[in-house]
Amino acid sequence: MLIVQKYGGSSVANAERVFNCARRISESYKAGNSVVVVLSAQGRTTNELIAKASEITDEPSKREMDMLLTTGEQQSVALMALALHKLGFPAISLNAGQAGIMTTSTHQNARFKRIETDRILSELDKKNIVVVTGFQGVDKYGDPTTLGRGASDTSAVALAASLNADICEIYTDVDGVYTADPRVVKNAVKLDEISYDEMLELASLGAKVLQNRSVELAKKYNVKLVVRSSMTDAEGTQVMAREFIKKGETNVENMFVNGVAIDKDVSRISAVGLKDEPGTAFKIFSLLAKNKISVDIILQSIGRNNSKDISFTIAKVNLNDALRVLNENLGSIGCEHISHDDKVAKLSVVGAGMATNPGVASMMFEALYNEGININMISTSEIKISCLIDEADAERGMNAVHDKFIRQASK
């Protein structure tokens, strides 16, 4: 078998943990498998590098930040190769350029163009364990690029797809995918299996166990994905197409909501006093699109006195850019003023069974009502309901909603 294993920053945070992962890797190798390993930077290395840059300038070049940040993963892979050598196993570390990971030139948010696998396959033929930097690539100029925070998951899945790997194992500090973050919700339940679609929604809505782009790629190329703990031998959670999930084999078989997620990295913007005429919404959202700012929940008020308001949510990291763009174009938009709130959170429930189970929305809203939590905005799809609430209520709301659905599943 060809196995791709990814280890996150907490899993390789120090020498003891590096050797712990090295022993796990060597077990897979001794079983006769070809093994490709993808690593994140150790511990808080990326944050420390960002802090170093901030000591120099408040407005660093994105290209130079990529030059700086890619050193974190290069340290990890070299140290892992050294640990494997120490244990008596053949290994070689490769940075993204050596591994043939080609990307666009959009620094700090690059996208894959192709992966030239010749070097990796050559090293596997030599019976080496190949240890590759996650989170990064190189562009057509040979410059290093990064793929966005948390993108080592995406690197692993992309490599697994390109190499036609039999399985991609994502090792992290939790032992699988839970119905909610077990660090916040004490009675969260681990899932044995979850569909790509449900996992993608959860990842997009704030669940930190997998990066959403990694799930998109896994679904697109049908990569068999398993989330496991690097600290224990627990079986973990399999992420797969829904048609392969066997009914009754999960430990929450009666549950039609498979996850509750909270995302605090959101802000709400309101465009107040807009003209109530065709094309107004287009003017706002085309401006944001041209500036590569994605929008999530959108709420438009009913027109009154020839005016209306539009509110929407964006990632908090894009707030300043969005406010600048909108305020610079108030006249052309036809808007009285722009307001915003960055003390909000998006609480979501996800489950493929929601479409065929009436009353899911009612249960969610009842749980929030019982806690005295006000809902600011609502968005729905076939497999999710999202509510915008005050950030101060986020964890209390998450526990209340989760408890409501867990109790329903146990009946």
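Arg-324 is partly exposed, at a relative accessible area of 39%, where buried stands for under 20% relative accessible area, exposed for over 50%, and partly exposed for what lies in between (1.4 Å probe, protein chains only). This is a predicted model, in which local features need pLDDT of at least 70 and side-chain atom pairs count only at pLDDT 80 or more, while totals for chains, interfaces and linings use all residues. Residues are numbered from 1 along each chain as its sequence is written, and side-chain values use heavy atoms, with hydrogens and water left out.

The partner of Arg-324 in a salt bridge is Asp-321, with the closest N and O atoms 3.9 Å apart; a salt bridge is taken as a side-chain nitrogen of Lys or Arg within 4 Å of a carboxyl oxygen of Asp or Glu. Asp-321 is likewise partly exposed, with a relative accessible area of 38%. Because Arg-324 and Asp-321 are three residues apart in helix H10 (residues 319-328), about one helical turn separates them. Helices (H or I, at least four residues) and strands (E, at least two) are DSSP runs, numbered from the N terminus.

## Salt bridges between separate elements

Side chains of opposite charge can pair when their charged atoms come close. By the rule stated above, the count of salt bridges comes to 21. One of them joins Asp-296 to Lys-346, with 2.3 Å between the closest N and O atoms. Asp-296 lies in the loop between helix H9 (280-290) and strand E14 (298-300), whereas Lys-346 belongs to strand E16 (residues 337-350), so the pair ties together parts that are 50 residues apart in sequence. Lys-346 counts as buried at 6% relative accessibility, while Asp-296 is partly exposed at 31%.

Lys-404 and Glu-366 also meet through their side chains in a salt bridge, at 2.9 Å from N to O. This pair links distant parts of the chain, with Lys-404 in helix H13 (residues 394-410) and Glu-366 in helix H12 (residues 360-370), 38 residues apart. Lys-404 is buried, with a relative accessible area of 17%, and Glu-366 is partly exposed, at 35%. Elsewhere, Arg-63, Glu-64 and Asp-143 are linked in a network of salt bridges.

## The eight-stranded sheet

An open sheet of eight strands runs in the order E3-E6-E2-E1-E9-E11-E12-E10, with mixed pairing; two strands pair if DSSP finds at least two bridges between them. Strands E3 (91-94) and E10 (193-195) stand at the edges with a single partner strand each, so one side of each is left without a neighbour in the sheet. From one strand to the next, the twist averages 20°.

Strand E1 (residues 2-7) pairs with strand E2 (residues 34-39) in the parallel sense over six bridges, and Gln-5 stands opposite Val-37 in E2. Helix H7 (residues 196-204) packs on the sheet, where it touches E10 and strand E12 (237-240), and its direction makes about 85° with that of E10. Contact means heavy atoms within 4.5 Å, and axes are lines fitted to C-alpha atoms, for helices over the stretch in contact, with angles running from 0 to 180 degrees between N-to-C directions.

## Packing of helices H1 and H3

The axes of helix H1 (residues 15-30) and helix H3 (residues 62-86) come within 9 Å and cross at roughly 65°. The residues that make this contact are Val-18, Phe-19, Cys-21, Ala-22 and Ile-25 of H1, together with Leu-79, Met-80, Ala-83, Leu-84 and Lys-86 of H3.
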